[in-house]
Amino acid sequence: FKSLVEKAPVGTALFRGSEFYIDLANDVMLGYWKKNKEIIGKPIINVLSDITNNEFFERLQQVYLSGTRYKVTGALIVNKKNGKKNYFDYSLTPLFDENGTVYAILHMCSDVTLTVKTQQKITENHNELASIFEQSPVGIATLTIAEDLVFQSANAFYCELVGRNKKEIIGKPLLEALPEIKGQGFAELLREVINTGKAFIAKEVEVQMLRNGKLENIYVDLTYQLHHNLEGLPNIVLVIAIDVTNQVLSRRKVDQG
């Protein structure tokens, strides 16, 4: 058993009795604790009281008294000395004697700090992108490449541009959400972008749109661009629309003298 503990690829230690004396601790675990073999035979609370919180010791007591295994993922451990934060997956497994009484607890753990912090950064970046997307001063939406081109997302400016709220758009096919654009060629343009992979970019595109209960002719700078997932497969079309109606109408007035 001692040989197995020493060779274990994860931090492994054995705590014996109600005082949780350290019977065994492999090099991985000693590395986590920043301790050496001199701690063997000492109560774990004396060894780790300066580098961990009371929750760990409370869990030990609960496992010892209940005889029930405890397991947690991504537990935050803050070093009391330097304030350094690390995250661990760990388990506390009770061991029983021939009378069915808990006599020791097997502690195993893995440092998952890098994984947790990477996921936190991904989440942070995703939230930041979502905020930029929502607050962008141009209309942005995404459509699936499925046959009926379903809206996946749309920001506030896009909803304002097409005269709908998000509930009237998200999750609905393009021509169901915006039936007035049927016959104006936009579904065909989107399908061509999906089939060819070539972006469509055009200035001052005229669109007849139902807004405030009536059809209006508006003008937009329009981009359709195919995007791919992490596997390199096409999954959505990004739609960017900038309302240039006022500029177009103002220029026409000037041109007409």
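Of the 257 residues in the protein chain, 40% are buried. The model is a predicted one. Its accessible surface comes to about 15300 Å². Carbon and sulfur atoms account for 54% of that surface.

**Overall form**

The C-alpha trace spans about 95 × 35 × 35 Å along its principal axes. The radius of gyration is 31 Å, whereas a compact globule of 257 residues would have one near 18 Å. Among contacts with a separation of 6 or more, 41% link residues 24 or more positions apart. The secondary structure consists of nine helices and ten strands.

Five strands build an open sheet. Their order is β2-β1-β5-β4-β3, and they pair in the antiparallel sense. The edges are β2 (21–25) and β3 (70–78), and each of these pairs on one side only. Neighbouring strands are turned by 30° against each other on average, direction ignored.

How many bridges join β1 to β5? Strand β1 (residues 11–16) and strand β5 (residues 102–111) are joined by six bridges and run antiparallel. Within β5, M108 is the bridge partner of T12.

Helix α5 (residues 113–135) packs on this sheet and touches β3, β4 and β5. Helix α4 (residues 54–66) lies across β1, β3, β4 (85–96) and β5. The angles of both helices to β4 are in the table below.

**The sheet of β6 to β10**

A further open sheet of five strands has the order β7-β6-β10-β9-β8. Its pairing is antiparallel. Strands β7 (151–154) and β8 (200–211) stand at the edges. Each has a single partner strand, so one side of each is left without a neighbour in the sheet. From one strand to the next, the twist averages 30°.

Strand β6 (residues 139–144) pairs with β7 over three bridges, in the antiparallel sense. Here T142 stands opposite S153 of β7.

Helix α8 (residues 186–196) touches β6, β8, β9 (214–228) and β10 (234–243). Helix α9 (residues 245–255) touches β8, β9 and β10.

| Helix | Residues | Reference strand | Angle |
|---|---|---|---|
| α4 | 54–66 | β4 | about 20° |
| α5 | 113–135 | β4 | about 130° |
| α8 | 186–196 | β9 | about 10° |
| α9 | 245–255 | β9 | about 125° |

**A closer look at T142**

T142 has its place in strand β6. Is T142 buried or exposed? Its relative accessibility is 9%. The cut-off for a buried residue is under 20%, so T142 counts as buried.

Which residues does T142 touch, leaving aside its neighbours within four places in sequence? The contacts are V150, F151, Q152, S153, I236, V237 and L238. S153 belongs to this list, and it is also the residue opposite T142 in β7. The side chains of T142 and S153 are joined by a polar contact of 2.6 Å. In general, strands of a sheet pair through backbone hydrogen bonds. The T142 and S153 contact, in turn, is one between side chains.

Conventions
Residues numbered from 1 in each chain as written. Predicted model: local features only at pLDDT ≥ 70, side-chain atom pairs only at ≥ 80, totals over all residues. Heavy atoms only, no water. Pairing = 2+ DSSP bridges. Helix = DSSP H or I, 4+ residues; strand = E, 2+ residues; numbered from the N terminus. Axes fitted to C-alpha atoms, helices over the stretch in contact; angles between N-to-C directions. Contact = heavy atoms within 4.5 Å. Rg over C-alpha atoms; globule rule 2.2 N^0.38 Å. Buried < 20%, exposed > 50% of the residue type's maximum accessible area, 1.4 Å probe, protein only. Areas by Shrake-Rupley, 256 points an atom, 1.4 Å probe, with all protein chains shown as cover. Polar contact = N/O pair within 3.5 Å; in protein donor to acceptor, adjacent residues only side chain to side chain.
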